[in-house]
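Hi,

Here is the structure I promised to pass on. Have a look at it first, then read my notes below.

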Amino acid sequence: RRDFLPRGSGIVTRRPLILQLIFSKTEYAEFLHCKSKKFTDFDEVRQEIEAETDRVTGTNKGISPIPINLRVYSPHVLNLTLIDLPGITKVPVGDQPQDIEYQIKDMILQFISRESSLILAVTPANMDLANSDALKMAKEVDPQGLRTIGVITKLDLMDEGTDARDVLENKLLPLRRGYIGVVNRSQKDIDGKKDIRAALAAERKFFLSHPAYRHMADRMGTPHLQKVLNQQLTNHIRETLPSLRSKLQSQLLSLEKEVEEYKNFRPDDPTRKTKALLQMVQQFGVDFEKRIEGSGDQVDTLELSGGARINRIFHERFPFELVKMEFDEKDLRREISYAIKNIHGVRQVTGLFTPDLAFEAIVKKQVVKLKEPCLKCVDLVIQELINTVRQCTSKLGSYPRLREETERIVTTHIREREGKTKDQVSAAPHDPKAPSGDPKAASGDPKAPPGDPKAPSCDPKAASGDPKAPSHDPKAP
């Protein structure tokens, strides 16, 4: 019964803490990053957690998905593994990035998405349960509530005359594994060095004395939560073990089959070389597709890449570039007015509807302004595609020439598509119905449709000064 987790105001947990509780006759703690040292003073454990957090994230509220691994051996614990995750922050402070909320959510989802884990959704009792971010995220990955355990805190801070009875009785937002209420120490209790034993006694007294919770006091409190977690985690492992066993067996059979193939392996066999080459090229294609479409077997936890970054370019960067475009409503109204008047000429402007030609002229002019942000978006996407190609070819590091050629061929293809894409983006819109503005007619484009050969003005003989043409006949009078 030790107090070693950092506490304070604001965001305190800035890196995931993987905490393994292991039953043992002696009591000590050890970190994975300094495994040779055993900590018997748990104040030093807290200081080491804070120091290791600052080593990676800095001292100004930065965050990181790189976990801290801590093992605690004690005769007072049940065998249990807990992962303490950062709370969801809405507004960035200090060195935190502007998208701090999304980064923390991505970090949390990486852990709670695993089918083998139980989700401990902690919600304060003085907050509307329907607005709980923890329950909302748990529902995203566990819609039926099969892996979620609700924990209600701050029951002692609710307004007088209110209680969380309906929630704790699993009536308001039901979860299959139910809810457990706890009463933790306040910051004043922590500053006053109130020990864990006294806090647990006060928690027990609260539930026994409160009229709304008295009948369920045996199912509330931190000790009961510890027992439930141990029991339910054991049951959950027992439930998932068969599928895990079958998965391992299938992998074993696959490996045994692969080993069997290599028993008669001949390195100089050209068919083997061709097959190996095709397999590597096919694997490159599969890896590239997974990085773009998602669902890859290796998830990057340090930064966005591949399809996720392209998604951000389209849905965040491109709209941002559009918002930055300057737009003067007064000038636009004046242009619309001039366009309508020029379309009508000397006639009086009448009618409720804008002429089609005026509308098209104004719209085309505005569409042209989209060209620059569109081309910028294309450049960003192309660069990310090329980066993804390089990441996928890293597996071909043992074959430098194959890697170089694969990168060259795929990059060349991407650059060719880039050119065609930019041509489509840059193509200025024109109205094929407008004869005076037809570029083919004005420039003599060879692709322009040929005129009537019988028409005098289009007669090639007349136009070129053919000596057989009547007007140039030397015998003519």
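The largest nonpolar core has 25 residues, and those with the most contacts inside it include Phe4, Phe31, Ile49 and Val72. A nonpolar core here is a set of buried Ala, Val, Leu, Ile, Met, Phe, Trp, Tyr and Cys residues joined through side-chain atoms within 4.5 Å. Buried means under 20% relative accessible area, exposed means over 50%, and partly exposed is in between (1.4 Å probe, protein chains only). Among the elements that give two or more residues to this core are strand S2 (28-31), strand S4 (68-74) and helix H7 (222-262). H7 gives the most, with four residues. Helices (H or I, at least four residues) and strands (E, at least two) are DSSP runs, numbered from the N terminus.

Before going on, keep in mind that this is a predicted model: local features need pLDDT of at least 70, side-chain atom pairs count only at pLDDT 80 or more, and totals for chains, interfaces and linings use all residues. Residues are numbered from 1 along each chain as its sequence is written, and side-chain values use heavy atoms, with hydrogens and water left out.

Now for the rings. The count comes to seven aromatic pairs. Rings of Phe, Tyr and Trp (its six-membered ring) pair if their centres lie within 6.5 Å; planes under 30 degrees apart count as stacked, over 60 as edge-to-face and the rest as tilted. Take Phe4 and Phe42: their ring centres are 5.6 Å apart and their planes are at 45°, so this pair is tilted. Phe4 sits in the segment before strand S1 (17-23) and Phe42 in helix H1 (residues 42-57), so the pair ties together parts that are 38 residues apart in sequence. Both Phe4 and Phe42 are buried. Elsewhere, ring pairs link Phe206, Phe207 and Tyr213 into a cluster.

There is a charge over a ring too: Lys38 lies over the face of Tyr28, at 4.6 Å from the ring centre. The rule is that NZ of Lys or CZ of Arg must be within 6 Å of the ring centre and within 35 degrees of the ring normal.

On a 1 Å grid over the protein atoms alone, a cavity is a set of points where a 1.4 Å probe fits but cannot get out, and lining residues have an atom within 4 Å of a point. Helix H9 (307-324) and helix H12 (371-392) each supply at least two residues of the lining. Ile313, Phe318 and Lys376 are among the lining residues.

Most residues other than glycine have a negative phi. Asn170 is not a glycine, yet has a positive phi of about 65°; Asn170 lies in the loop between helix H4 (165-168) and strand S8 (179-181). Asn170 is partly exposed, with a relative accessible area of 24%. Lys193 also has a positive phi, about 60°, and is exposed at 73% relative accessible area.

Cheers

Technical notes
On a 1 Å grid over the protein atoms alone, a cavity is a set of points where a 1.4 Å probe fits but cannot get out, and a pocket is an open set with protein on both sides within 12 Å along at least five of seven lines; lining residues have an atom within 4 Å of a point.
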